Amino acid sequence: MECPITLSYRTRFGTPAMPDKIAENDPLEVSPRRRENANKDGTTSDDASPPSPPTRSDPLAALAETAKGYARAARANNTQRAYDADWRHFSSWLRRQGLPQSPPDPQTVGLYLAACADAGVSVVTLERRLSGICWHYRQLGGPLDSRDRHISTVLAGIRRRHGRPPVQKAAIFADELLAMLATLDMDLRGLRDRAILALGFAGGLRRSEIVGLDCGPEQTEDGTGWVEFLDGGALLTINGKTGWREVEIGRGSRPETCPVALLETWMRLGRIANGPLFRPIARKNGGVASERLTDKHVARLVQKTAMKAGIRGDLTEGERKCAFGGHSLRAGLASSAQIEEAHVQKHLGHASAEMTRRYQRKRDRFKVNLTKAAGL
């Protein structure tokens, strides 16, 4: 689904209309009315044809395309896909109820939220759907106020009745990561996946940040960062949820587990010097493709290797598959790093220390004891 604001640009600044070019003595290219008004000498009357539509300058056309590009980049690809899916779901519900899409009606949105909650949709998903609906209405020029009582009161009641603590992915620690790396083959695909796991753990990266890396700056339009190799390790420059940040990944003690060495090996054997850093590998000939891996590959890779390594064997196979994902690497670093919390927060790119604490599965929760400090 195309962003609504790009449609408005297209409507107002579409492809410039060009006057029709009419071939001489070709009646098929002349309108019936012009043929009726043809003079005896074969010419046509000017007042019988409509005026040529106005044209616009080429600089304005280029500027309109640039504006549409910026509008598409206003949201991350994953966020935009989620918002589009939310809008489709909301539009489908409106059609089934016989309700119009416009103008935006807070009471109708409140009814939609109630219907979704009764259907078992989680509070987190409902909040995201509301964000997607409000965003689309803003792009269409009819803002929806989410603070309206018909929306805010219903959502507050849903939170109170159906709210649950967030489900967190299980953290993967250093020894478990080594076991996961050992399950991978030493072929080209295995080397790539080793680099993904080690880099994701050492950098505390989101899965979208891993696959969004390029070999250098400004090499692709969809890249969200790049890597630079230094004597002490690799420096990642990443544009994440909280803006640009630099992530330093030092060299490890062993080449077979060092994230920097594994990354260098993958790039050398995969002959990757420009463009996306992590790419698919063809199953038939084993060649490296030119496009970028999707972030879903990271989640599936973590799940597959964690299960092969026998991590959390006390859980059933279904529970283990749900327990691990891309965030397991990020949570593992946050839980394993024995340094000041401020350094972990900066490394992960969190806007607050509270968010960093959510990722720390193992930490001294009673290091600061207010009970004793108060004299009890």
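In which hand does helix 5 cross helix 7? Helix 5 passes helix 7 in a right-handed crossing, a crossing being right-handed if the near helix is turned clockwise from the far one by less than a right angle, and left-handed if anticlockwise. The structure is a predicted model, in which local features need pLDDT of at least 70 and side-chain atom pairs count only at pLDDT 80 or more, whereas totals for chains, interfaces and linings use all residues. Residues are numbered from 1 along each chain as its sequence is written, and side-chain values use heavy atoms, with hydrogens and water left out.

Contact (heavy atoms within 4.5 Å) is made by Pro106, Gln107, Val109, Gly110, Leu113, Ala114 and Ala117 of helix 5 and by His150, Ile151, Val154, Ile158 and His162 of helix 7. These residues divide into eight nonpolar, four polar and no charged; Ala, Val, Leu, Ile, Met, Phe, Trp, Tyr, Cys and Pro count as nonpolar, Asp, Glu, Lys and Arg as charged, and the others, Gly among them, as polar.

Gly163 is placed in the loop between helix 7 and helix 8 (174–182). With 31% relative accessibility, Gly163 counts as partly exposed, the class between buried (under 20% relative accessible area) and exposed (over 50%), for a 1.4 Å probe and protein chains only. Apart from neighbours within four places in sequence, Gly163 is in contact with Val123 and Ile158.

Helix 9 passes helix 11 in a left-handed crossing. Residues of helix 9, including Leu188, Leu191 and Arg192, meet residues of helix 11, including Pro259, Leu262 and Trp266. The contact comprises 11 nonpolar, one polar and two charged residues.

Ser328 lies in helix 14 (residues 326–336) and, at 0% relative accessibility, counts as buried. The Ser328 side chain reaches the backbone oxygen of Ala170 at 2.7 Å. Beyond its neighbours within four places in sequence, Ser328 is in contact with Lys169, Ala170, Ala171, Ile172, Val302 and Ala323.

How values were computed
Helix = DSSP H or I, 4+ residues; strand = E, 2+ residues; numbered from the N terminus. Polar contact = N/O pair within 3.5 Å; in protein donor to acceptor, adjacent residues only side chain to side chain.
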